[in-house]
Structure formats: structure tokens, C-alpha cells
Amino acid sequence: ATVSGRRGGYDAALERSLAPFALTCENLMEAGRRAREGRELREQLQLMEEVSDEFFCMLDTTGRIVQCNAAFPQALGFAREEILGRPLEELTAGDYREVCRDVARRLAAGKAVRHVEIPKRHKDGRVVWTSWNGAMGGPNRSLVYCVGRDVTEERRRRIHIQTMATILERTETAVVLTDSDHRVEWVNESF
């Protein structure tokens, strides 16, 4: 029974006046849920970065390292604190700094780069060959996101195979390469 504007013990006018607050509370609860999910996702991504052998790097528009995961400085023998704030180009070995500048120009023009091999200088002086992918992003496209990896051994094997192929092609001795079933895979010119 309704008594003087009340339904089920609630004042209908009070219920109508509180309705916007209920929506606000619902919105706040939803925003809180999304924020928790966002934090959880950031934590998961951060964990993936930290356990990965791949290098994750963020650079500002001047090429300075503003963030990186542990794999990158470790591969070069540095502590993370030693490379944060340094220009990535400064870690580049030899005459490849111009390659870095060219990559920076392409990124600034909005072009992504893929599989760019650049030698980096290890803290002990040796060269570590790295392969990088990168693209501009972030607020106002103000960051360069890079993913790299150490390709030193891969590069060494590739050069070794190319050298052996050249030797086999140029030798005056006939050479025949077969697969495990003794099918001919390759013969040199002298064959």
C-alpha cells in the first residue's frame, strides 16, 4: 500500500533525486574496475619486458633513452641507470652512427623501421650486433618505441656460411653437396 507518496517504504521523490548519484556511483565503480584492469595489464606487460631476452627501449625525440627493460643494458654490460638519459647513438660502434641518424630521420617522418642491424659498443669495448624495429608513438608522437635483440652469433654464422659458399664456388675442385638421402642439393661450377 502506498502512503502519502511512499512506495514500498521509500519516498519516490527521494528516489528520483538520488538516481543521478546512483549512476555516478556505478560510473565510479566501472572506472575503478577499468583502472584495476589497466594496472594489472601494465604489471603483466612489465613482467613480460623484464623476463624477455628482447630489448625494449623508449627514446625521446632527441634519441635519448627514457626507459628500457633489463635485457638491453645487460647485453651491453651496463646497469640500467648508466644508460638512461644517454643518446642511443652514443652506444653505437664505429661508423654506424650515420645509420642511426638515418633511422632517426625515417622515424621522425612517421615511417616504422624493421630489422635494422646496428653494432653497439659493449662496456668492455667489444662489439655487440643488434637488430632493431621501431616506430613513433605516445602522446603527440613524442616517443620512439624500439624492440631489439642481440644478433651477434646469428651474424657470425651468416658470414661464415657466405664465406664457405664463396670458397666452394671458386675452388677448381669439383664439389657436390647432397642431403641425408644422398640427393644432389648443389654443385659448384667446377663439377
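These points cover the nonpolar core and the aromatic contacts of a predicted model.

1. The largest nonpolar core has 23 residues. Those with the most contacts inside it are C57, I65, F72, I83 and L91. Two or more residues each come from the strands β3 (55-60), β4 (65-68), β5 (113-121), β6 (127-137) and β7 (143-150), and from the helices α2 (71-75) and α4 (97-108). In soluble globular proteins, nonpolar side chains tend to be buried together.

2. Once neighbours within four places in sequence are set aside, F72 is in contact with F55, C57, I65, I83, L88, L91 and W132.

3. In one of them, F55 and W132, the ring centres are 5.8 Å apart and the planes stand at 45°, so the pair is tilted. F55 belongs to strand β3 and W132 to strand β6, and the pair links parts of the chain 77 residues apart. Both F55 and W132 are buried.

4. Y96 and W129 have ring centres 5.3 Å apart and planes at 85°; the pair is therefore edge-to-face. Y96 lies in the loop between α3 (80-83) and α4, while W129 is in strand β6, so the pair ties together parts 33 residues apart in sequence.

5. Y96 has a relative accessible area of 31% and is partly exposed, whereas W129, at 15%, is buried.

Key. Residues are numbered from 1 along each chain as its sequence is written. This is a predicted model: local features need pLDDT of at least 70, side-chain atom pairs count only at pLDDT 80 or more; totals for chains, interfaces and linings use all residues. Side-chain values use heavy atoms; hydrogens and water are left out. A nonpolar core is a set of buried Ala, Val, Leu, Ile, Met, Phe, Trp, Tyr and Cys residues joined through side-chain atoms within 4.5 Å. Buried means under 20% relative accessible area, exposed over 50%, partly exposed in between (1.4 Å probe, protein chains only). Helices (H or I, at least four residues) and strands (E, at least two) are DSSP runs, numbered from the N terminus. Contact means heavy atoms within 4.5 Å. Rings of Phe, Tyr and Trp (its six-membered ring) pair if their centres lie within 6.5 Å; planes under 30 degrees apart count as stacked, over 60 as edge-to-face and the rest as tilted.
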